Amino acid sequence: MNSFLSRRRLLQGALVATGSGILTACGGSNPSVQNQKNSNKPNTGSRPTVNSTVNRSQTQPVVRHVQASSQNTMRLFASSGFAEDANRIQTGLDRLFAAGFAITNHNAAYRRYQRFAGSDAERINDFQDVATGRVPTPKVLMGVRGGYGAARILANVDWASLGARMREAQTLLFGFSDVTAIQMALLAQGAMPSFVGPMLYSEFGKPSPDSYTMDNFTQNTTNNQSTVFVTEFQSRNVRNVDGILWGGNLSVLASLVGTPFMPRIQGGILFLEDVAEQPYRIERMLYTLHLAGILKQQQAIVLGDFRMGNIRDTYDSSFNLAAVAQNISRAANIPVYTGFPFGHVAQKTTFPLGAKASLRGTGGGYSITFSGYPTLNPNALNLAALKPMQEFNFIDNSNLNFNTDSEF
């Protein structure tokens with residue numbers, strides 16, 4: 001292990017020495033210097049002016065050169081909270097570089113302004129630069145992390161233009177939690193389906209990422225049809241339905257009610273998840289969707305993991321998520337199914353939002369089959385490198401070539 005760490009430090013040191021030119025070419029120049037230059041320039045076009053008072057980490061990414069093609073380009077976006085640990089950011093970048101992605105907009109992961117991953121203007125430009133054609137449309141738009149902040153930028157991005165460019169390039173966008181706001185804004189404009197799935201900091205940056213999460217990410221993004229099986233026994237018979245599966249984080253969805261960024265999906269399957277919310281608060285947000293007429297337009301509700309733990313209000317001794325599900329099912333007169341394997345938990349299933357879905361009963365449980373979404377080309381990448389321990393083979397390779405014949 002010590003010899004491995006020494007080799008890794010030597011390699012990263014060499015990359016740092018040669019990386020400054022690459023950083024400049026990839027838009028990775030020192031952001032504080034760039035902001036000083038920008039502060040003296042007038043704001044032209046629709047691109048917001050960057051706030052020059054943004055506080056930033058001094059850490060810069062170690063950037064590996066990966067030959068870019070139409071099938072492996074990835075642009076980072078940081079729409080919400082800032083990422084605290086620079087080492088974890090670098091781990092995520094290392095893992096995605098090893099998988100063959102040519103990554104741009106690296107500094108988005110290192111930005112910080114107050115509690116956000118950069119000023120509103122910077123976070124807007126993560127998307128607006130693509131929407132206006134200032135930067136090429138990538139094959140992948142990868143969220144850095146969730147938190148809070150996406151709502152602040154919704155009104156300042158041309159989602160229709162961004163969606164059109166994403167459709168043309170068959171772009172895959174990944175995120176969850178607060179990124180739900182971004183995904184709903186795109187879906188409201190009829191964009192390509194996005195993906196609920198791992199993000200740079202949240203999953204790829206873990207020292208040892210979850211094997212199921214990495215395997216499922218690879219499998220469900222490289223096949224044009226995927227099926228998720230739920231074995232949890234349902235309290236009612238499962239009704240077979242077909243429709244667009246959409247939704248995401250319940251708190252974020254409830255906050256979008258009455259705005260132009262809430263999609264109008266008729267006959268859909270609504271997926272919901274959240275974290276650390278008490279049962280009565282979950283029900284209150286569900287009633288917001290119900291009273292707005294959204295739930296009655298759906299064929300079914302699918303609940304993911306709410307990671308409630310022992311959270312209970314004084315009055316909630318017998319009022320739990322099951323009681324909430326039963327009550328909202330009666331109120332909206334639609335079935336509510338539980339146990340879908342996604343939430344703020346270690347094991348995450350990657351699946352598309354806004355795609356065609358077929359929900360079928362499976363003898364007590366159910367399955368959902370997805371189709372009609374963009375995919376990654378596995379021949380243009382080395383996705384096997386995403387599995388735990390695979391990064392070590394990559395880092396120890398002195399010529400930085402990808403091991404396409406890996407046993408992992």
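**View 1. Phe340 and the residues it touches.** Leaving aside residues up to four places away in sequence, Phe340 is in contact (heavy atoms within 4.5 Å) with Val228, Val230, Phe271, Val302, Leu303, Gly304, Asp305, Phe351, Tyr366, Ile368 and Phe370. This is a predicted model, where local features need pLDDT of at least 70, side-chain atom pairs count only at pLDDT 80 or more, and totals for chains, interfaces and linings use all residues. Residues are numbered from 1 along each chain as its sequence is written, and side-chain values use heavy atoms, with hydrogens and water left out.

**View 2. The largest nonpolar core.** Here you meet Phe340 again: along with Phe101, Trp159, Ile182 and Leu272, Phe340 has the most contacts inside this core of 107 residues. Such a core is a set of buried Ala, Val, Leu, Ile, Met, Phe, Trp, Tyr and Cys residues joined through side-chain atoms within 4.5 Å; buried means under 20% relative accessible area with a 1.4 Å probe, protein chains only.

View 3. The pairing is mixed, and the order is 2-1-3-4-5-11. Strands are DSSP runs (E, at least two residues), while helices are runs of H or I of at least four, both numbered from the N terminus; two strands pair if DSSP finds at least two bridges between them. Strand 1 (residues 73-77) runs parallel to its partner, strand 3 (residues 140-143), over 4 bridges, and Met74 has Val140 as its bridge partner.

View 4. Just after helix 3, Gly100 has a positive phi of about 100°.

How values were computed
Buried means under 20% relative accessible area, exposed over 50%, partly exposed in between (1.4 Å probe, protein chains only).
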